[in-house]
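Dear colleague,

I am passing on the structure we spoke about, with some notes on what came out of it. Please read them beside the coordinates.

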Amino acid sequence: TKIVDEWVKQKPHIQQAPSLREKSALLFRMMSFYEKRFPNEQELNAQFLEIVNFVYRDESLQGSDLTGKLEPAFLAGLRCPQPSVRAKFFDIFNANVKRKLYDRLLYIVCSQNWEFMGNQFWIKQCIELLVSLAAWDRVVV
């Protein structure tokens, strides 16, 4: 994963760096391989999720084919058992969804494809997304 991490973080103008298409194919294969072969290896999974996190945070890669293909890995980051890793993915998730309750409910019910969550309960992520809107410093009357 360290070599792939370096490749993904290299900018495409470097001659020896893989193209965006090659990065996409490699990360997609790694994603399916890690989930099937090493589901209980938390350290290896965390390293891979750090690469995915970088892809989603990098402005030059946002909206690219790479982020679309890595959506299942992103959702795996949201259900990661390690709180620090999960929090990083939730920050990205929270920042990319509109901040109004109606818009978030619409996103949860209509826009997001939760099929990638597999056999996990995705309602936890939905509740967390809604609760993050709460204004904890205000009193409800």
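Does Arg-86 count as buried, partly exposed or exposed? Because its relative accessibility is 22%, Arg-86 counts as partly exposed, where buried means under 20% relative accessible area, exposed over 50% and partly exposed in between (1.4 Å probe, protein chains only).

This is a predicted model, in which local features need pLDDT of at least 70 and side-chain atom pairs count only at pLDDT 80 or more, while totals for chains, interfaces and linings use all residues. Residues are numbered from 1 along each chain as its sequence is written, and side-chain values use heavy atoms, with hydrogens and water left out.

Arg-86 lies in helix α6 (helices are DSSP runs of H or I, at least four residues, numbered from the N terminus). Not counting residues up to four places away in sequence, Arg-86 touches Gly-77, Leu-78, Cys-80, Pro-81 and Lys-124, contact meaning heavy atoms within 4.5 Å. The buried residues of α6 are Val-85, Phe-89, Phe-90, Ile-92, Phe-93 and Asn-94, and they pack against α3, α5, α7 (101–111) and α8.

Leaving aside neighbours within four places in sequence, Leu-27 is in contact with Val-4, Val-8, Phe-48, Ile-51, Val-55, Leu-66 and Leu-70.

Best regards

Technical notes
Helices (H or I, at least four residues) and strands (E, at least two) are DSSP runs, numbered from the N terminus.
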